[in-house]
Amino acid sequence: MIQSRTICATVVLLGATLATAAAPAVAAPPAPPAAATACPTGWGSGDKAAGAATAESVRNVRTGRHDCYDRMVVDVPGAARGDLGYSVRYVDRLHQDGSGRHIPVSGGAVLEVRVTAPAYDPGTGAATYPARAGRPLPGVDLTGYRTFRDARFAGSFEGDTQLGLGVRGRLPFRVQQLDGRLVIDVAHTWSGAAR
């Protein structure tokens, strides 16, 4: 009697297993495709400049990664948007103002960033940004950036601060003047699509 119950239970379990295996699989609905990020285009790679000057001092330089571009921000607290003059352009080699000394900058192309604000206190001459000429920018780590490769301090001379930004290639960039800071964005590509 026990043997026939065992055989019967085995047949029932085997039948349930076969019925489950024979049932058609229902596919989950496909996930919607990931939306491609539309990146701004039309920045170009030509020289960009604005003629203005401030006596407010550069206090910090920082960077950030975004979907479409890498960003450098030069902090000049107290400076009004219209008082932040600048010149940003691609150069073959970065040469320090005053001395003409070559400052090596790694990357496929070099952006020279000049901000018409000193990196020192005009009254005392004391440094307001703790950088040294020819050295990487303090506190800036470019590990994992898509476009930025190197960032160097060239110096601060006669009220202008000069930086070298090494990038992957001669890519489009834009410059924005905001209250208390100058923003430089360098695109990841020419195509206008994030990858």
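Two strands count as paired if DSSP finds at least two bridges between them. Helices (H or I, at least four residues) and strands (E, at least two) are DSSP runs, numbered from the N terminus. This is a predicted model, where local features need pLDDT of at least 70 and side-chain atom pairs count only at pLDDT 80 or more, while totals for chains, interfaces and linings use all residues. Residues are numbered from 1 along each chain as its sequence is written, and side-chain values use heavy atoms, with hydrogens and water left out.

**View 1. An open sheet of five strands, in the order β1-β4-β7-β9-β8.**
The pairing here is antiparallel. At the edges you'll find β1 (48-50) and β8 (148-157), each with a single partner strand, so one side of each has no neighbour in the sheet. On average, neighbouring strands of this sheet are turned by 15° against each other, direction ignored; the axes behind that angle are lines fitted to C-alpha atoms (for helices, over the stretch in contact), and angles run from 0 to 180 degrees between N-to-C directions.

**View 2. Strand β9 and its two partners, β7 and β8.**
On one side, β7 (residues 109-115) pairs with β9 (residues 160-167) in the antiparallel sense, over seven bridges. Look for V113, whose bridge partner in β9 is L163, and for V115, which stands opposite T161. β8 also runs antiparallel to β9, and eight bridges join them; one to spot is A151, with L165 as its bridge partner in β9. β8 and β9 make a hairpin with two residues between them, and E158 in the turn has a positive phi of about 50°. Seven of the eight residues of β9 are buried, so this strand is largely enclosed by the rest of the structure. Buried means under 20% relative accessible area, exposed means over 50%, and partly exposed is in between (1.4 Å probe, protein chains only).

**View 3. E112, a buried residue in strand β7.**
E112 has 3% relative accessibility, so it counts as buried. Its side chain makes polar contacts with the side chains of R114 (3.0 Å) and Q162 (2.8 Å). A polar contact is a pair of N or O atoms within 3.5 Å; within protein, one must be able to donate a hydrogen and the other to accept it, and residues adjacent in sequence count only if both atoms are side-chain atoms. Setting aside neighbours within four places in sequence, E112 is in contact (heavy atoms within 4.5 Å) with S87, V88, R89, V91, L94, H95, Q162 and L163.

**View 4. L84, in the loop between β3 (69-75) and β4 (86-91).**
Residues up to four places away in sequence aside, L84 touches a whole list of others, including A52, T54, V76, V115, Q177 and L182. The C-alpha atoms of L84 and A50 are separated by 7.8 Å, though the two residues are 34 apart along the chain.

**View 5. Strand β11 between β3 and β10 pairings.**
β11 (residues 181-187) is mostly covered, with six of its seven residues buried. Seven bridges join it to β3, and these two run antiparallel; here R71 stands opposite D185. β10 (residues 173-178) pairs with β11 over six bridges, also in the antiparallel sense, with Q177 opposite L182. β10 and β11 form a hairpin with two residues between them, and G180 in the turn has a positive phi of about 80°.
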